[in-house]
Each structure stands twice: as structure tokens, then as C-alpha cells.
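Please read them with the coordinates open.

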Amino acid sequence: MDTTAGYREREHTADWELEIWAPDLPELFAQAARGMLALSGARLEPEPRRERLLELEAPDAESLLVAFLSELLYLAETKNLGFDDFEISIHSYRLRGRIYGAALTWLSKEIKAVTYHNLSIRKTSRGLEARVVFDV
Amino acid sequence: MINLQDLIKISDYEWEIPRSFRQDMRVPVRIFATRKLIEAVMDDRSLEQAVNSATLPGLVGHVLVMPDMHQGYGFPIGGVAATRYPEGVISPGGIGYDINCGVRLLASQIEYEEAREHIAALATALNHNCPSGVGTKGHVRLNDSELNQICRQGSRWALKQGFASEADVRRTEEGGVLEGADPDAVSKRAKERGRAQIGTLGAGNHFIEVDVVEQIFDAQAAQAMGLFEGHLVLQIHCGSRGFGHQICTDYVNEFQGAVRRYGIQLPDRELVCAPLNSPEGKNYLAAMRCAANYAFANRQVLAHYARKAFEEALAGKVQNWHLHQVYDIAHNMGKIETHVIDGERMKVCVHRKGATRAFGPGYEGLPEEYRSIGQPVLVPGSMGTASWVLVGTEGSMQRSFGSTCHGAGRVMSRSKAKKTVWGEDLRSELEASGIHVRAGSMAGLAEEAPQAYKDVDDVIDAVSGAGIARKVARLVPVAVIKG
């Protein structure tokens, strides 16, 4: 297990809670996206790989994380695309970069939304940490 | 952290967390539950979330918690809160992402024994006709104009398209259409998501279930609804799909700024809200009503295809395969209603999140045939156990803003359920007990295992003991269709 960056599912009675940690904000966002993809039981086509340019802006880091994950849910539902690789930069709550993935062949769970419930990105001894609750 | 000692016992079925419990509470929290049901959720954050909800500006009376409560996000599931109209607030998170998630019950003259050997075929026909699962598209594709019509007309749109009868529409909460919906308040993204999903069930805890009426508790009410012991009925549980999810996502995001503009302090960002008379509040209400109407139409289209499945599987094999609508109710909704609170008659916005409207006898808005018995309340239990039909009472009008419970209520996390229960084993157990299962995902099935929920009968005893609903009929399943 990678100790510098990762994600794990936490117990939540009705919904899903994901704990994520990383040394910096772009990696934290990437871990959250990978965790969300894993929770939904997604399987991707091996080929062809697809890429998209992404630009998002928000008033704070937490809102930017919600916007980023909500964007990926939207792309999964409307374009049938899942993303597992990220080259993004974040400056002044502005996210820019490329995201890489492929067509979804299977999703076992439906994630309705990314919530703000108790969401805060905190500095800890292992870098940055956050918990995200998904409505499922 | 809240302990049992913090709760004041009013009766065996009613408890209170007083305003003095936390400085930022604007009203007390009233819990309708037995000690056993409260103890079942002491390890999760339901009660803390109820206390957080009690900080919203403009609240009146109490924040209420139903016995099927469990931890959610922002509000607890099973939470009811009323804010004074129009100066109080509306909170999208207090209604939920699945706006107008609800239940529809259709009843039949089919005796279970008469149809027993055809139930497997019926389950297959329902699974084939009613699209379910993640990312599934429906039989109907909508253009922008049609989607706008659904937003404004709800079940009335379905009636014009031949998916509904007049009786179906009449026997739907609010006649299947909330006035004041405005498609211009809905984002392009929500519309894009909504276009392909009308008439789809989705996944998660949504289902279609064929049940047998096992026992009648109120013969007069059951007769008015056309429910008879031993007959088959059908439940449909789903909501507004990606359309509603996107609308709630859009407004929870937008309201992050609104709370700053209106100087509202909250303990949790998911509780964001705006005054009902503010431009933000009015827009959300108009958009939420579009999603509510979409969900009414969605369940109506599913009911149409469920009827088709009954015809395919049972026509010529049973005397009368037709299904008539008993009622359709919402359990995630914000409604402007008039209630008497502390002796004062006032207009309020009732937020029901995982709680069902339960109007008592004589109240406006009930169809003529139910005026004397009270509004039918549909409470699905956990998969493989029982479901209940109740009616609203004068007690629910006086003490719970005309609301009651909505289900069994989870007690076990999804991750633990997956580790404890194998989907394939569960399906075998259900099949062995005579319940036919059609499920898209075995992991999804495991997450909804009955062990993950409270005993629905305990929940029903609590609302009936508290006097905020009355028992009419208990239903037991014979076929379950899940995405």
C-alpha cells in the first residue's frame, strides 16, 4: 500500500465515505477520482484510450473537489467514459489539465452525487487529507 | 456526541432533545421511536445530524426524526423540518439528491394461489419491460420540448401520452404535478441527463416488487384502496434519476455562495440554504418542482410497462390481470403546506428527507375515495421481508406536520453488508423461501441484504404507537426486480 497517497472506504450506514490522502492537491484529487471509480465497480475498455481537457474554478478547495468529482460523474453518465489517469494542476482554486480514461464496459453501482457533508481538506503529518461522502 | 441521557422521554414512542442541548439550535428535536430503535442508531450520527438541522433559520415547531432514521449527509434520513414561508429557508440537502424518490403501489384482483406457477415468468417479464441498472436508458426518448412538458405537467404528461389513466393521476400525491415548476431554472446538464432516463428504475435501493397482501388490519381503509388478503400487488420504488441528482448538485453548489450572501452560519456545508423569498430560493423551488414532476412521470411510465409485463405473463392464465393504482407518494420532497403550529395556522415549507407525507382524514388534496380514511402511506421494508400500507391520522397532522416513516432504515454500512453477505447466497436464500429475484448486480444485491436494515415491523409499531399513522395492510414479497 502506498503510504504517501491513497484512498480507503470508511464505514457509513447508508452512503459511501471515502478517506483520501496525498502530498499535494492535484494528487489528492486524483486519488479521490480513482477511489470513486473503484467504489462504483467500474470497468474500462483497454483500448482506445480517451483524453479530455478540463478547466474548473471554485471559491475554495473543497468546492473544487466536489466540482471535479461531479464532472467525472456527469461524463460517466452522459458520455459513458471513466477516467483513471490525471495530469492536472491547481492554482488559486483553479484546476486545469488533461484527464485520461476509456469507455466504460461496466458499472456495478450508481453514485447519485458528491456531497459537501463534513468535507474539509486538512493538512496532516502525511500531507493533505479529506473525507468525501457520496450519495448512493 | 449525543447520549441516551440527553433525551427527554415524552412517552414510549416520543423523545425530545431540548434546545438547551446545543447553543446554535433554533428549535428542539422530537424523535418518534422506541428506546430499542434509538439504541440501534446511537453509534451512527443520525441524532447529531438532526441537531445540526435544528440550526436552520426560520424553523418552526420541532425538527422531527422518524423511527427508521439513519445517518445521511446534512439532514438525517427520516428527518422532517418545517420553515416559515416565505421568510424561512429552503435547503436542497434537506430534500436530497434523489428529489421525489417515492413509492407507487398498484393492486390487483389476482389471487396468489391462482398465479403462483407464473410468478417466475412475471418476474422475468417485469425485468425485461422495466429498464433497471446503472446507466440504463428508457423506452422513451425526449426532446427538449417534451422534457419541459414533463417538468411542468408531471403525471399529466404521462396521461396525454397514454401511459396513465385518470384514476392513476388522481391517486398520486398532489395529483402527480406540483405547480410552480419552471424548466428555465434547470441547467442544461440536468436536462441532458433527464432526456434518456424517463421510465427507468436505476440501481441502489430502488426496486420493483410483487407482493401478496398477507394481513389486513383496517378493513374499511383496505376496501377503499382495493386491497384484499391473498391478492397480488406491485410496488415501484424510484425517483427523479440523474435529472434530480444534477439539479440538487447544481443548487447545493450555488447555495454555498448564498449562505455567505445572507449571512447564514451552519455547522455543515451540506445544509446550505437560502430564504424561500430570495431569488436563489425561488429558483431552487422552481427547479425542485421540475424534478418532482419528472419523478411522478417516471414512476407512471414504469407502471405502464409493469402493466404490460403483467399482461404478457398472466393474460389468459388468471381471470383478471389488470392493476389499479392505490397511491403514489414522495419521501424526499419540499412542499409548501399549511399547518397549525403552537396554535397558529401558518404556511410552511416542509422538508421531508426519507419521510412520507401522511395527511389525516378530511384533508384537502386527498382524492375523494380516500377523504374519509386518510392518505395512504406506503412503507417498503427491506428486501425479502415485509412492506406496509398505512394511513395518515389526525395525530400526524397535529404532531408531525402530516408526516410519518418511509422504510425500515439501514443499520449496517454497505461495506460491512458486502463483507458479511454474498449476493449469490442471498439470492439462493430468497429463492428458497419462494421469492423470485432478478438483479443486475450481485454486489448491489448484497448491500441491500435484509440484515443491513432494522425490522420494519418495529418501525411500524413505533409510528402506530405514536399515533402518527395507522396500520392498514402488511405485504410480503414473491418477486423482486433490482438494478
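**Notes on the interface and the sheet of chain B**

1. The contact between the two chains takes 37 residues from chain B and 30 residues from chain A, where two residues are in contact if their C-beta atoms, placed from the backbone, lie within 7 Å. On the side of chain B that touches chain A, at least two residues each come from β4 (59–73), α8 (188–195), α10 (241–261), α13 (414–420) and α15 (442–447) of chain B, and α10(B) gives the most, with 8 residues. Helices (H or I, at least four residues) and strands (E, at least two) are DSSP runs, numbered from the N terminus.

2. By class, this side of chain B has 9 nonpolar, 17 polar and 11 charged residues; Ala, Val, Leu, Ile, Met, Phe, Trp, Tyr, Cys and Pro count as nonpolar, Asp, Glu, Lys and Arg as charged, and the others, Gly among them, as polar.

3. As to provenance, this is a predicted model, in which local features need pLDDT of at least 70 and side-chain atom pairs count only at pLDDT 80 or more, while totals for chains, interfaces and linings use all residues. Residues are numbered from 1 along each chain as its sequence is written, and chains are lettered from A and ligands numbered from 1 in the order in which they are written.

4. Chain B has an open sheet of 7 strands with mixed pairing, in the order β1-β2-β3-β4-β5-β13-β12, where two strands pair if DSSP finds at least two bridges between them. Its edge strands, each pairing on one side only, are β1 (8–11) and β12 (332–341) of chain B.

5. Strand β5 (residues 75–84) of chain B is largely enclosed by the rest of the structure, because 9 of its 10 residues are buried, that is, 20 or more other C-beta atoms, placed from the backbone, lie within 10 Å of the residue's own. β5(B) pairs with β4(B) in the antiparallel sense over 6 bridges, with L59(B) opposite T83(B) and V65(B) opposite G79(B). The hairpin of β4(B) and β5(B) has 1 residue between the strands, and G74(B) takes a positive phi near 75° there.

6. β5(B) also pairs in the antiparallel sense with strand β13 (residues 344–353) of chain B, over 6 bridges, and the bridge partner of A82(B) in β13(B) is V350(B).

Note on methods. A residue is buried if 20 or more other C-beta atoms lie within 10 Å of its own, exposed if 12 or fewer, and partly exposed in between; C-beta atoms are placed from the backbone.
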